[in-house]
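Take a look at the protein below. Trace the chain from one end to the other before reading on.

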Amino acid sequence: IVPKLLGELCSGAMSPAQHLEQQQALVKQFAEILEFVLKFDEYKMKTPAIQNDFSYYRRTMNRRQRMWSSDCGATGDRNNRLQDPLLSCCGGSEEVSSDLANRMSLFYAHATPMLRVLTEATAAFVQQNNDIPVENTTETLATMAKVCLRMLESPSLVSQFEHEETELLVLRVMVGLVILYDHVHPQGAFTKSSNLDVKGCIRLLKEQPPVKSEPLLNALRYTTKHLNDDSTPK
């Protein structure tokens, strides 16, 4: 989905501002994806035990599979398996396959798994679409981030939000755009030549209550690509 959205928003003769104005439905869809990704990773970071819990599940299922094999033969007895309390509590559904469990374990091993997938998909889009200049993508991301920052810096605009959650949504989208820009732009988002007002974004985040700002600041700390480069201003 993300490569398709970027393909529409970054190609053609229109400027980034024109894309945002004339393709608002696509921009909204892209923003909602960014918001979901940041929210997912926030929840993941707030529940560090999920990796241990899933490892426990895998060990339990492996033990039960060995028990089923020894009690019911190599093929197992489906009726006996469905009587297992671990499966019956889930409505009798089958357990997660070993292959899927392994992939899930690798996915959750990352601090921000959804952001990792999103940044990889965005970087792959840039590499695989040589007909679309990198500048088109970076300018589109930067323009969207600037719009988010200007909205949040304007008390009159913030006061027009119908729901309090909308402000947090815009914050998440802004941070997601900064992270994507940093992964796509050759020099990253933190250089003086960057089209992003990173200092303004960070200043705005620090003005928010910690419950809002800390997860997003952590996302910038641990998911950006060039933050710790020697060329990054300290």
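## The whole protein

This is a predicted model. The protein has 13 helices and zero strands. Read along the sequence, its pattern is therefore α-α-α-α-α-α-α-α-α-α-α-α-α.

How much of the protein is buried? Of its 234 residues, 41% are buried. The accessible surface is about 13300 Å². Carbon and sulfur atoms hold 54% of that surface.

## Helix α3

Helix α3 covers residues 24-46. It has 23 residues, and at 1.5 Å a residue they should span 33 Å. The end C-alpha atoms of α3 are 33 Å apart, which agrees.

Which residues of α3 are buried? They are Val27, Phe30, Ala31, Ile33, Leu34, Glu35, Val37, Leu38, Asp41, Glu42 and Lys44. An α-helix has 3.6 residues a turn, so residues three or four places apart point the same way. With that in mind, look at Phe30, Leu34 and Leu38, which are among the buried residues of α3.

## Helix α11 and its crossing with α3

Helix α11 covers residues 164-184. From its first C-alpha to its last, α11 reaches 31 Å. That is close to the 30 Å expected for its 21 residues at 1.5 Å a residue. The helix is mostly covered, with 16 of its 21 residues buried.

Two packed helices are described by the angle between their axes and the distance between the axes. The axes of α3 and α11 come within 8 Å and cross at roughly 90 degrees. Angles of 65 to 115 degrees count as roughly perpendicular, so α3 is roughly perpendicular to α11. On the α3 side, Phe30, Ala31, Leu34, Glu35, Leu38, Lys39 and Glu42 make the contact. On the α11 side, the residues are Glu165, Leu169, Arg172, Val173, Val175, Gly176, Leu177 and Leu180. By class, the contact of α3 with α11 has nine nonpolar, one polar and five charged residues.

## The pair α12 and α13

Helix α12 spans residues 198-206, and helix α13 spans residues 210-223. Their axes are 9 Å apart. The two helices pack at an angle of about 150 degrees. Angles over 145 degrees count as roughly antiparallel, which makes α12 roughly antiparallel to α13.

Which residues make this contact? Ile202, Leu205 and Lys206 come from α12, while Ser213, Leu216, Leu217 and Leu220 come from α13. The contact of α12 with α13 divides into five nonpolar, one polar and one charged residues.

Start with Val126, in helix α8 (residues 113-128). Is Val126 buried or exposed? Its relative accessible area is 16%, under the 20% cut-off, so Val126 is buried. Leaving aside neighbours within four places in sequence, Val126 is in contact with Val134, Thr137 and Val184. Val126 and Val184 are 58 residues apart in sequence. In space, their C-alpha atoms are 7.4 Å apart.

Gln128 also lies in helix α8. Its relative accessible area is 65%, over the 50% cut-off, so Gln128 is exposed. Gln128 and Pro3 are 125 residues apart in sequence, yet 9.8 Å apart in space, C-alpha to C-alpha. At 58% relative accessibility, Pro186 counts as exposed. The C-alpha atoms of Pro186 and Val134 are separated by 9.0 Å, and these residues are 52 residues apart along the chain.

Note on methods. Residues numbered from 1 in each chain as written. Predicted model: local features only at pLDDT ≥ 70, side-chain atom pairs only at ≥ 80, totals over all residues. Heavy atoms only, no water. Axes fitted to C-alpha atoms, helices over the stretch in contact; angles between N-to-C directions. Helix = DSSP H or I, 4+ residues; strand = E, 2+ residues; numbered from the N terminus. Parallel < 35°, antiparallel > 145°, perpendicular 65-115°, else oblique. Contact = heavy atoms within 4.5 Å. Nonpolar A, V, L, I, M, F, W, Y, C, P; charged D, E, K, R; others polar. Buried < 20%, exposed > 50% of the residue type's maximum accessible area, 1.4 Å probe, protein only. Areas by Shrake-Rupley, 256 points an atom, 1.4 Å probe, with all protein chains shown as cover. Expected span 1.5 Å × (residues − 1).
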